[in-house]
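The sequence and structure come next.

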Amino acid sequence: MFLALRELAFARGRFALIGVVVALIAVLTVLLSGLSVGLVNDGVSGLQRLPVTSLAFQDGVAKDSAFSRSVVDVDAVDTWARQPGVAEAAPFGNTLANGRSDQGVEIDLALFGVELGSFLDPQAADGSRLAGEGEVVISATAAQEGISVGDTITVEPAGTPLTVVGVLAEQHTYGHVDVGYVPLRTWQEVKAGVRAGDAPPERIYQEITAVAVRAHDGAAVALAAGDEAAGTTSMTREQSYGASPGYTAETSTLQLIQVFLYAISALVVGAFFTVLTVQRRQEIAVLRALGASTRYLLRDSLVQSVVLLVLSAAAGVAVGVAAGAAISSTPMPFVLEAGPIAVATALLLTLGVLGAAVAVLRITRVDPLTALGGNR
């Protein structure tokens with residue numbers, strides 16, 4: 001370790017260059033981590049906070065667009081409620097709508113239709129929970145756009161008025177759109193485009209998007225058996241995230257970028273230490289001629305790379321967190337969480353050390369006779 005630390009102090013410019021590169025990669029890693037978490041929250045936080053274990057959609061529906069295409073008969077709810085291991089089953093509706101409040105605020109809403117008093121009916125942090133038709137409980141992020149309790153939102157295309165009675169404590173979004181919980185019957189009329197004064201056909205009250213299923217604690221529900229009995233196609237809550245608009249494409253793109261970033265970090269660190277080992281060939285040969293073991297030289301070089309990587313990554317993470325904190329105050333979907341940042345940093349360090357380890361293996365091929373002119 002003595003030689004490794006001496007060289008770090010002596011060749012400050014050389015090591016500062018690779019340190020800056022590693023730090024920049026760490027900054028990008030932190031920012032990508034925050035963007036990834038932010039996009040997930042903005043895309044499926046409404047689904048993540050549903051107290052369900054699975055959702056039963058229309059039989060044979062495309063799983064990447066189940067929420068927008070599925071139509072299930074409401075009778076399937078009773079069938080699912082009778083399945084072994086199921087604690088509760090409730091109807092669930094989902095549709096996207098746009099509207100305007102009586103204060104002139106334009107807003108897009110993902111309307112979640114729920115049965116009053118069911119386990120899907122949310123408790124509001126501000127105001128009250130749903131109590132009757134024509135009411136809506138909105139996400140905390142919708143309130144930040146200027147919607148408040150007591151406002152009336154007119155939802156298009158039928159011009160259905162919804163009175164805001166409550167605001168949820170947290171972000172509830174679906175497909176980057178704020179969620180509004182409405183009574184199931186109201187949701188069915190909005191989805192069918194029923195206008196005030198019209199006599200809606202009774203069939204619309206038999207249609208829902210999916211059956212929300214909550215299993216008993218520790219129980220495993222046989223989804224295949226339930227689907228066969230109810231004529232549905234089930235997905236766990238986590239699997240249903242892929243049916244949210246843009247979720248799969250966004251997360252796959254960011255994951256691909258992160259993979260390339262990790263690969264680049266390993267290649268950059270490996271290339272740097274390869275060049276460094278070549279430049280130190282004469283000095284390494286002298287140490288070998290003086291009796292230094294290969295194990296000692298490898299350990300010395302790896303300690304050098306670890307110290308450089310840890311210091312550079314720490315500086316990069318600090319800068320990335322500071323930049324992320326500034327970005328978090330903007331409308332951009334960006335969330336800093338300690339867990340993803342720690343995992344990303346650990347991967348960066350691990351791959352960097354692996355790249356350095358491959359590079360310093362050249363030490364094992366250095367001939368001590370080189371120091372004595374044996375190569376001439």
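## A buried strand residue

Thr 160 is buried, at a relative accessible area of 14%. Here buried means under 20% relative accessible area, exposed means over 50%, and partly exposed lies in between (1.4 Å probe, protein chains only). Thr 160 sits in strand 8 (residues 160–167). Helices (H or I, at least four residues) and strands (E, at least two) are DSSP runs, numbered from the N terminus. Beyond its neighbours within four places in sequence, Thr 160 contacts Ile 153, Thr 154, Val 155, Val 190 and Val 194. Contact means heavy atoms within 4.5 Å.

## Basis of the model

This is a predicted model: local features need pLDDT of at least 70, side-chain atom pairs count only at pLDDT 80 or more, and totals for chains, interfaces and linings use all residues. Residues are numbered from 1 along each chain as its sequence is written, and side-chain values use heavy atoms, with hydrogens and water left out.

## Overall form

The protein chain has 12 helices and 13 strands. Its radius of gyration is 29 Å, well over the 21 Å that the globule rule gives for 376 residues, so the chain is more spread out than a compact globule. That radius is taken over C-alpha atoms, and the globule rule is 2.2 Å times the number of residues to the power 0.38. The C-alpha trace spans about 100 × 50 × 30 Å along its principal axes.

Of the 376 residues, 47% count as buried. Among contacts with a separation of 6 or more, 79% join residues 24 or more positions apart.

## Helix 12 and its partners

Two packed helices are described by the angle between their axes and the distance between the axes. Axes are lines fitted to C-alpha atoms, for helices over the stretch in contact, and angles run from 0 to 180 degrees between N-to-C directions. Helix 2 (residues 12–48) and helix 12 (residues 338–360) cross at roughly 145 degrees, and their axes come within 9 Å. This crossing is right-handed. A crossing is right-handed if the near helix is turned clockwise from the far one by less than a right angle, and left-handed if anticlockwise. From helix 2, Val 22, Ile 25, Ala 26, Thr 29, Val 30, Ser 33 and Val 37 meet Pro 340, Ile 341, Ala 344 and Leu 348 of helix 12. By class, this contact has 9 nonpolar, 2 polar and no charged residues. Ala, Val, Leu, Ile, Met, Phe, Trp, Tyr, Cys and Pro count as nonpolar, Asp, Glu, Lys and Arg as charged, and the others, Gly among them, as polar.

Helix 9 (residues 247–279) also packs on helix 12, at an angle of about 30 degrees with the axes 7 Å apart. The crossing of helix 9 and helix 12 is right-handed. Residues of helix 9 in this contact include Tyr 262, Val 269, Gly 270 and Phe 273, and those of helix 12 include Leu 347, Leu 351, Gly 352 and Gly 355. The contact of helix 9 with helix 12 divides into 11 nonpolar, 6 polar and no charged residues.

Glu 337 is in the loop between helix 11 (294–328) and helix 12. It is partly exposed, at 36% relative accessible area. Not counting residues up to four places away in sequence, Glu 337 touches Val 37 and Asn 41. The C-alpha atoms of Glu 337 and Val 30 are 9.6 Å apart, across 307 residues of chain.

## Salt bridges

The chain has 6 salt bridges, each a side-chain nitrogen of Lys or Arg within 4 Å of a carboxyl oxygen of Asp or Glu. One pairs Glu 88 with Arg 214, with the closest N and O atoms 2.4 Å apart. Glu 88 lies in strand 3 (residues 86–101) and Arg 214 in strand 12 (residues 210–215), so the pair ties together parts 126 residues apart in sequence. Glu 88 is partly exposed at 30%, and Arg 214 is partly exposed at 26%.

Glu 106 bridges to Arg 100, with the closest N and O atoms 2.3 Å apart. Arg 203 pairs with Glu 207 at 3.8 Å between the closest N and O atoms. Arg 203 is exposed at 53%, whereas Glu 207 is partly exposed at 30%.

Ala 219 lies in the loop between strand 12 and helix 7 (223–230). At 32% relative accessibility, Ala 219 is partly exposed. Ala 219 and Pro 84 are 135 residues apart in sequence and 8.8 Å apart in space, C-alpha to C-alpha.
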